[in-house]
Amino acid sequence: MTSASPLHEIHQAIQEYNPFNLRSVVKHQDVWNTDFVDVEFLHAQASDLILGKLQETQAEQDPEKKTSAFVITAEQGVGKSHLIRRLHRRIYEGQNGFFLYMSFSLCGDINLIHYELRQAIARSLSQSTILGISQWQLLAASVIEKALLDPKSQQVFDPADFVKRFDKLYRSHLAQGRDLVTILVGKCQGLFPEVDPDVLRALLWTLSEPHAPYAIKWLGGDELSSARVEEMKLPNITAPEISKEQESFKISLALLKLLSAHRSTLLCFDETEIPQVSEQGFSSTQILAYLIKQIFDSLHQSTNSGGLVLSSFMFANQWSSEVVPLAGASDRMTAGTGDPINLKQLDGQSFPKLVRFLLAKKFYKPRGLTPPHPLYPFNEEEIKTVSKERPPVRKALRWCAENFVVTAPPVPPEERFQKGFEEKLQDDYQEAIADSATLAETLRYCFELVVGQTISGETKSGEKIEAATITAIAEVEPKSKNAGYINFKIVGTEQDKPFVIGVAVLQQSGLSFAAGLNRLTDYNTFSLTRGCLIRGVEFKIKTFWDSYKTYQKFIQRQGGEHIEPDPESLKTLMALKAVFESASIYGLTEAEVQEFSRSIALNNEILLEILSDPSGLIDPSIIDDETLVSMIIGDDNHADTYEEGSEDDLIDLLIGSGDEDSELDDASQPAASPGDASILQSLTLKSTYKGKKLCSFSLRGETHSVKTWREMYIKLNQIFAEYHLDKFREGLPVISGRKSHFSQDPTDIHTPFFLEKAGLYLETKLSVASILNCTEKLLNHFGYLEDELTLQVVDRSGK
């Protein structure tokens, strides 16, 4: 028997690390993290039932029984999220199915539940598989494999290798006047004739590294620029919300059919407790019930399908009061068992077992320590006493965290707070910052810290705050019209003048962003003096969105403010909230944590920016004009009339025959010339031009031949002067530099060119980078979108 480690070593380790000091709440994004300690005996019966049903539906011969469902009920903190994480990891590691997850906390508008389902499927399939490719790519590769390969053949197909080779194969075919995606769509359509060919086309584009992000946006229901959909040969349908709802459900069903046709698929629904009510008065849980009924009644599967299992996670009272009365829906929701699966609280057996497991796995074993007994520093009697209350897992772990102590000299509260704050600053908040709900909760908590405080100062950007006093952090009324989009209101006065600021964290895209922005700009309905939009720098606003005009009005006319939170400042606020949630673990009261946090919050740049007067200007860096990128131009007529090669050629392409690359190597590549369509490229301002020779440019569909970058820049300015003379006279954008870029005096210019129409001299002694930068500013000034200008080049390297 191994002897116990010295107690002083164990006590030192206890003072340095608390294995029970876990995050108090598991967020929806944690579902996808496979690196976690799975307490396998916890709720094992439930996970075994669900995973077993996936195997049953795979083997089931009756198509009517290929769809099944479970309802899992539990109180808060019992371990629903842990169970979902386990289900995902088992499927991830087993490589035997697809996993989809829909959190109602991410639903921007439950009135558009079909669009929200479509978005959830798109997010889920974007997650990685154990093969290193996304679930989208695995599905696309599987569809192609089934369409081309005989299952009885001995040919080996490697999906990950195929994804790596896809772009090279695509370019190789394009250089020969063949569109590989169109060819493959034709083959796959024969296998899935009932699936919209546009869905198949978009799915296959997910195999391409440059095209995948746009294909996923389209599949998720977001609009693309006209140039982008034209390049990818996809429709860009802009329709009323009702039509988009119908289209979204049709596409979601098509995706579920494709997924289950290849592997058994698990779709988990979670966090329906989010307080949203539809326009018809239905709760999130009731909306979910009807959605599951629609999927059951509309999804038709084949005998060979892998099947679909739907699992709904909710509170027991939601099931009994909101779902049971819905005849038909409740039966389908529990088709797998007939009754909900209720997750049990910890008891006298499971609680000690859980403590022993975590102590060994997270504390003693990693440190090479051996305790006097497996529960040390706890004793079995106190564990059993706590277990008599049958606590939820979260509450039980909090008790363990608070009592995982040994006798030590007392530490002043402020030092304990500082220690906790420094620890929490080390946590990774990247995913939490990207989550709108988490970010909104953090901002609200930190503003509540400074209620009653008078704030004066200046932000880093120069806006001043003069004696602003926050009197309250208020709910947004009427709630039914707000639908949760505006997160809270800041009520106060500045120099005795009252203000009410509506704060909305809107990091969604498309319809959800538009719905939130429409609320934030409705000052009258929600009794606001101004609105504040919180949206991270990575969440660009597209100029082709319908909501962009609303955004312009919000910033330029309504005195609204858009804040892109600095990640480090946000990390500080998140750490403050994390210490508050773990107050008892650090031996502090919540009031003590709030007291010590207040001064930090008062000096936080984000809070100061929200309170300060808006600038009224739109920051160009937050706007994203969608543009074409590196598109190789082929002979369209030849491509359209191309007769496909044999099935054997495609199969060789799929499994990799070693000679599929028909691109010329560097040694045999012919000299570049503008007339060579295989190397002529149409690029945008944001492309890389190293080694490229400019041949022409196209502005709003009109092409102009040029030989140099200088000639292109002069011609563009002549066009602008011809058609936009008034804007030349109104004033041109400021372009930094030691010399002027436009002047009436040629001595102000290094190498002047006289723009006769405008009566101005133009600077032409510029590098390529400067020309591109100046052109971007001029396009914006004269009202052009970036994708209305394309530059045709040839690669001088011949590649």
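Two residues are in contact when heavy atoms of theirs lie within 4.5 Å. On that basis, and leaving aside its neighbours within four places in sequence, Asp179 is in contact with Tyr170, Arg201 and Lys233. The structure is a predicted model. A search of the whole of it finds 21 aromatic pairs and 0 disulfides.

- Asp179 belongs to the loop that runs between α6 (159-175) and α7 (180-191).
- The relative accessible area of Asp179 is 11%; because buried means under 20%, the residue is classed as buried.
- Lys233, one of the contacts of Asp179, also makes a polar contact with this residue, side chain to side chain, at 3.0 Å.

**Aromatic pairs**

- A pair of aromatic rings is described by the distance of the centres and the angle of the planes.
- Among the 21 aromatic pairs is that of Phe351 and Trp399, with ring centres 6.4 Å apart and planes at 75°. The pair is therefore edge-to-face, since planes over 60 degrees apart count as such.
- Phe351 is located in helix α15 (residues 350-367) and Trp399 in helix α17 (residues 393-403), so this pair ties together parts that are 48 residues apart in sequence.
- Phe351 has a relative accessible area of 0% and is buried.
- For Tyr445 and Phe580, the ring centres are 4.9 Å apart and the planes stand at 40°, so the pair is tilted.
- Helix α20 (residues 436-449) holds Tyr445 and helix α25 (residues 567-581) holds Phe580, so the pair ties together parts that are 135 residues apart in sequence.
- Both Tyr445 and Phe580 are buried.

**Aromatic cluster**

- One aromatic cluster is formed by Phe20, Phe351, Phe363, Tyr364, Phe378, Trp399 and Phe404. Its members thus include Phe351 and Trp399, the partners of the edge-to-face pair.

**Charges over rings**

- Arg228 is placed over the face of Tyr214, at 3.6 Å from the ring centre.
- Arg263 has its charged end over the ring of Phe98, 5.9 Å from the centre of that ring.

**Cysteines**

- Cys532 is buried, its relative accessible area being 1%.
- Cys695 has a relative accessibility of 12% and therefore also counts as buried, the limit being under 20%.

Notes. Residues numbered from 1 in each chain as written. Predicted model: local features only at pLDDT ≥ 70, side-chain atom pairs only at ≥ 80, totals over all residues. Heavy atoms only, no water. Helix = DSSP H or I, 4+ residues; strand = E, 2+ residues; numbered from the N terminus. Buried < 20%, exposed > 50% of the residue type's maximum accessible area, 1.4 Å probe, protein only. Polar contact = N/O pair within 3.5 Å; in protein donor to acceptor, adjacent residues only side chain to side chain. Phe/Tyr/Trp six-rings, centres within 6.5 Å; stacked < 30°, edge-to-face > 60°. Lys NZ or Arg CZ within 6 Å of the ring centre and 35° of its normal. Disulfide = S-S within 2.5 Å.
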